[in-house]
Amino acid sequence: MRRWGLTLDGARLRGHMASVWPVRGPAGERWVLKVTDAHHPPTAEAAALRAWRASGAAVVDVIEDDGHGLLLERLDATRDLAGVPDADRADSLLADAMAGLGGVAPPAEVPRLGRELSRVRASILEHRRHTPQLLPGRVVDRAVATLTEAASELEAPGAVLELVHLDLHYLNVLRTLGDDRWVVIDPLPQAGWREIEVVAPLRNRWDDVLATGEPDAALRRRLALLCDGAGLDRVRAAALAQAVAVDNLLWLLPRDPTSAFVPPYQVLSGW
């Protein structure tokens, strides 16, 4: 704060990986200072945000970055897509955000999605060895097959990779303070396929899904809205969602069976 000439301008906000302080800049600018917890590895967040900004996509501006702290454009932390009452409207806005991030080449420092999917595949196989009874074999086999094929394609020479957010759920799209735009925050950027973006929203806003009385149909409708609005391949997106759901269930069921994510993952694992 001393180095950048900042003064505090509100209470600290806390996320899963970082703390954010509202601050004022030297000329009274309304910014936020984000410091990621020391035990988390670097995420190349600043590089990803700059790449999206250069493309004209509506994402938060990076003012400063020293490898430890990020000085960012301040948004309205009280207004996110989780607070939009109409679920279809929220999905439409989220699809717009996904579309706005598309077509951007990943910076060199961003890790590759293919390697992450290989890690997920290895995790599923390890869990299955220890707890083979948790999920039906055909469900696990489907996930392993998807991950094997996807990792192979993503790691192939000449594979076309895009910059993806990887954590693009409703709480990570906020309203701007000045011009009433919805903009994206907190990426965990990867170089891969944008279809992976559907996983985070499919496991969130579960109350809206339950309210329909038909969870599977409601999640499939959400998938269709997101994919159609963002120009994504529905089949690929559904397959990746199923595989990620299997991995998470194999970890959650023995350790945290009451997690809010278990019910949506149980639906997705059957796709």
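Biologist: How much space lies in the second largest pocket?

Modeller: A pocket is an open set of points on a 1 Å grid over the protein atoms alone, where a 1.4 Å probe fits and protein lies on both sides within 12 Å along at least five of seven lines. Grid points are joined across faces, edges and corners, and a volume is the space filled by probe spheres set on the points. For the second largest pocket, that space is about 380 Å³.

Biologist: What kind of model is this?

Modeller: Residues are numbered from 1 along each chain as its sequence is written, and side-chain values use heavy atoms, with hydrogens and water left out. Local features need pLDDT of at least 70, side-chain atom pairs count only at pLDDT 80 or more, and totals for chains, interfaces and linings use all residues, since this model is predicted.

Biologist: Which residues lie nearest the centre of the second largest pocket?

Modeller: Lining residues have an atom within 4 Å of a point. The second largest pocket has 18 of them. Nearest its centre lie Thr36, Pro42, Thr43, Gly67 and His68.

Biologist: Which element gives the largest share of the lining of the second largest pocket?

Modeller: Helices (H or I, at least four residues) and strands (E, at least two) are DSSP runs, numbered from the N terminus. Those giving two or more residues to this lining are β4 (30-36), α1 (45-55) and β6 (69-73). The largest share is 3 residues, and it comes from α1.

Biologist: How many residues of the lining of the second largest pocket are charged?

Modeller: Asp, Glu, Lys and Arg count as charged; Ala, Val, Leu, Ile, Met, Phe, Trp, Tyr, Cys and Pro as nonpolar; the others, Gly among them, as polar. The lining holds 7 nonpolar and 6 polar residues. The charged ones number 5.

Biologist: What covers the buried residues of α1?

Modeller: Buried means under 20% relative accessible area, exposed over 50%, and partly exposed in between (1.4 Å probe, protein chains only). The buried residues of α1 are Glu45, Ala46, Ala47, Ala48, Leu49, Ala51 and Trp52. Their cover includes β4, β5, β6, β8 (162-164) and β10.

Biologist: Which residues does Ala51 touch?

Modeller: Ala51 lies in helix α1. Its relative accessible area is 16%, so Ala51 is buried. Contact means heavy atoms within 4.5 Å. Leaving out residues up to four places away in sequence, Ala51 touches Val104, Pro107 and Leu163.

Biologist: How far apart in space are Val62 and Ala47, C-alpha to C-alpha?

Modeller: Val62 lies in strand β5 (residues 62-65). Among its contacts, with residues up to four places away not counted, are Ala46, Leu49 and Arg50. Val62 and Ala47 are 15 residues apart in sequence, and in space they are separated by 9.1 Å.

Biologist: Is Val62 buried or exposed?

Modeller: Val62 has 17% relative accessibility. Because of that value, Val62 counts as buried.

Biologist: Which loop holds Ala44?

Modeller: Ala44 is not a glycine, yet its phi is positive, about 60°. Ala44 sits in the loop between β4 and α1.

Biologist: What is the relative accessible area of Asp186?

Modeller: Asp186 lies in the loop between β10 (182-184) and β11 (190-192). Asp186 also has a positive phi of about 55° although it is not a glycine. Asp186 is partly exposed, because its relative accessible area is 28%.

Biologist: Which residues does Asp91 touch?

Modeller: Asp91 lies in helix α2 (residues 87-100). At 3% relative accessibility, Asp91 is buried. Not counting residues up to four places away in sequence, Asp91 touches Tyr170, Arg222, Leu225 and Leu226.

Biologist: Over which ring does the charged end of Arg236 sit?

Modeller: A charge sits over a ring if NZ of Lys or CZ of Arg is within 6 Å of the ring centre and within 35 degrees of the ring normal. The charged end of Arg205 sits over the ring of Tyr170, 5.6 Å from its centre. For Arg236, the distance to the ring centre is 3.5 Å, and the ring is that of Trp193.

Biologist: What covers the buried residues of α9?

Modeller: Helix α9 (residues 262-269) is mostly covered, with 6 of its 8 residues buried. Those are Val262, Pro264, Tyr265, Val267, Leu268 and Ser269. What covers them includes α4 (137-155), α5 (199-202), α6 (206-211), α7 (215-230) and α8 (234-255).
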